[in-house]
Every structure is written in C-alpha cells, then in structure tokens.
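Subject: The structure we talked about

Hi there,

Here is the structure I promised to pass on, with my notes below it.

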Amino acid sequence: SLVEISHQDGLTSVYQSLSDVKVSVGDEVHQGDVIAKAGRNLFERNEGIHLHFGVMKDGLSLSPESYILKNETVNTDDANAEADADSGANAQTQNQP
C-alpha cells in the first residue's frame, strides 16, 4: 500500500510498502499520528518488513534526508514499526502489489 501526505508549500511525503493503513483519502493528519505499519510488498518479499519514504515538492523528488530528524532513533528491527505523519497534512491512500 501507499500513502501520500500533502503538506504546505507544495511538499508531499510518500510512504510505501505499508500494512494496516490507518488513514483514508482526505483525512487530516498531525505529527505523531500513526498512518500505517511498515510492511512487505510482492517485489521485495526477501527484504522483510520495511518502509520506503520519499519527499516531493511541486512534483519533483527531493532527498528525504533533510526532512528526517537526525536526533531520533528508529528501531528498524521492530516488526511493528509505524509510519508517523507530519502536522496539518492531508492523506491520500493507494493500494499497490
């Protein structure tokens, strides 16, 4: 599954390889809201549970590194890792294989 979150100033954050999506198209989400759990997809079954994260501005891909908090620790071994949303954004969801 895929979730795209539209932010202010033309930013869009993209979350892919999700399971248990908690948001629907048009939902308003805030920083800290759980939008989904990390999952698997058909093309990368051997990769285990993981999450693809991207950032776009006005339709162009940007490096997501500058949008990730450097001081926060994420446990990538946790099978129940959850994708969090940013503040005041609107969700769009899409299923993918």
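Strands E1 (residues 2-6) and E2 run antiparallel and are joined by five bridges; strands here are DSSP runs of at least two residues, helices (H or I) of at least four, both numbered from the N terminus, and two strands pair if DSSP finds at least two bridges between them. Within that pairing, Glu4 has Val14 of E2 as its bridge partner. The hairpin of E1 and E2 has four residues between the strands, and Asp9 there takes a positive phi near 65°.

Before I go on, please keep in mind that this is a predicted model: local features need pLDDT of at least 70 and side-chain atom pairs count only at pLDDT 80 or more, while totals for chains, interfaces and linings use all residues. Residues are numbered from 1 along each chain as its sequence is written, and side-chain values use heavy atoms, with hydrogens and water left out.

E2 also pairs with strand E6 (residues 52-57): six bridges join the two, and they run antiparallel. Is E2 enclosed or open? Five of the six residues of E2 (residues 11-16) are buried, so the strand is largely enclosed by the rest of the structure. Buried means under 20% relative accessible area, exposed over 50%, and partly exposed in between (1.4 Å probe, protein chains only). Thr12, which lies in E2, counts as buried at 16% relative accessibility. Leaving aside residues up to four places away in sequence, Thr12 touches Glu4, Ile5, Ser6, His7, Gly54, Val55 and Met56, where contact means heavy atoms within 4.5 Å.

Tyr15 is worth a look on your screen. Tyr15 stands opposite Phe53 in E6. A search of the whole structure finds one aromatic pair. The ring centres of Tyr15 and Phe53 are 5.3 Å apart and the planes are at 45°, so the pair is tilted. As Tyr15 lies in E2 and Phe53 in E6, the pair ties together parts that are 38 residues apart in sequence. For the cut-offs, rings of Phe, Tyr and Trp (its six-membered ring) pair if their centres lie within 6.5 Å; planes under 30 degrees apart are stacked, over 60 edge-to-face, and the rest tilted. Tyr15 is buried, with a relative accessible area of 5%, whereas Phe53 counts as partly exposed at 29%.

Tyr15 also belongs to the largest nonpolar core, which has eight residues: Val3, Ile5, Tyr15, Leu18, Val23, Val29, Ile35 and Ala36. E1 and strand E5 (34-38) are the elements that give two or more residues to this core. Such a core is a set of buried Ala, Val, Leu, Ile, Met, Phe, Trp, Tyr and Cys residues joined through side-chain atoms within 4.5 Å. The contacts of Leu18, not counting residues up to four places away in sequence, are Ser1, Leu2, Val3, Ala36, Lys37, Gly39 and Leu51.

How many salt bridges does the structure hold? It holds one, between the side chains of Asp20 and Lys22 (2.9 Å, N to O); the term needs a side-chain nitrogen of Lys or Arg within 4 Å of a carboxyl oxygen of Asp or Glu. Asp20 counts as partly exposed at 39% relative accessibility, and Lys22 likewise counts as partly exposed at 46%.

Now the overall picture. The protein has zero helices and nine strands, and 28% of its 97 residues count as buried. Among contacts between residues at least 6 apart in sequence, 62% join residues at least 24 apart.

Best wishes
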